[in-house]
Amino acid sequence: IGTGSSVKITRTGSITFEENVCIGANTIILSEEKVIFKKGATFSWNCQIMDTDTHSLIDINTEKALGRCKSVIIGEDAWVGNHVIINKGVCLPNGTIVASMSLCNKNYTELIPPFSLVGGIPAKLLKTNVKRGVDKL
């Protein structure tokens, strides 16, 4: 976990880091339910990962609270660019690449195949059948 990062786990939350996970500097992780980083997941700097809205919304017709939390699962070998926001309920398939400055706000395992590139606000499919290259400088 990079310098300047902040990790907060409430009494009902949990965060799981499988092996070889890398979280870049100045990243915020907040869990009130469950956040899972699968093997090899890599985040650049200044990202935000939250499984909660941190507040409740009330349906004015029923007076019932809407769900404020939903688990986040980051797939194996996912690669997330800088300044990306991951909101509650996000599931990224294995090998997903998320472009810098993107907002992920849904379960992408239902929308895209593994080894896809997503980007934008909100993030959408940009390309399939791609994986991260390892450049040697």
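Let me begin with Ile9, which is found in strand E1, a strand that covers residues 6–9; strands here are DSSP runs of at least two residues, helices (H or I) are runs of at least four, and both are numbered from the N terminus. What we are looking at is a predicted model, in which local features need pLDDT of at least 70 and side-chain atom pairs count only at pLDDT 80 or more, while totals for chains, interfaces and linings use all residues. Residues are numbered from 1 along each chain as its sequence is written, and side-chain values use heavy atoms, with hydrogens and water left out.

Staying with Ile9, its relative accessible area is 45%, so it counts as partly exposed, given that buried means under 20%, exposed means over 50%, and partly exposed lies in between, with a 1.4 Å probe and protein chains only. If we leave aside residues up to four places away in sequence, Ile9 touches Ser14, Ile15 and Ser31, where contact means heavy atoms within 4.5 Å. The C-alpha atoms of Ile9 and Cys22, which are 13 residues apart along the chain, are separated by 18 Å.

Now to the chain as a whole, which has 17 strands and zero helices. Its radius of gyration, taken over C-alpha atoms, is 15 Å, close to the 14 Å that the globule rule gives for 137 residues, so the chain is as compact as a globular protein of that length; the rule itself is 2.2 Å times the number of residues to the power 0.38. Along its principal axes the C-alpha trace spans about 55 × 30 × 20 Å, and buried residues make up 37% of the 137 residues. The accessible surface comes to about 7,900 Å², of which 53% belongs to carbon and sulfur atoms, with areas from the Shrake-Rupley method and a 1.4 Å probe, and, for residues, only the protein chains shown counting as cover.

Which side chains, then, meet in salt bridges? The count comes to two, taking a salt bridge as a side-chain nitrogen of Lys or Arg within 4 Å of a carboxyl oxygen of Asp or Glu. One joins the side chains of Arg68 and Glu32 (2.7 Å, N to O), and this pair links distant parts of the chain, 36 residues apart, with Arg68 in the loop between E9 and E10 and Glu32 in the loop between strand E4 (28–31) and strand E5 (35–37). Arg68 is partly exposed at 27% relative accessibility, whereas Glu32 is buried at 14%. Lys88 and Asp53 meet in a salt bridge as well (2.8 Å, N to O).

I will finish with two loop residues. Ser71 lies in the loop between strand E9 (65–66) and strand E10 (72–74), and at 17% relative accessibility Ser71 counts as buried. Asn82, in the loop between strand E11 (79–80) and strand E12 (85–86), is buried too, at 15% relative accessibility, and its contacts beyond four places in sequence are with Ser44, Trp45, Cys47, Ser100 and Met101.
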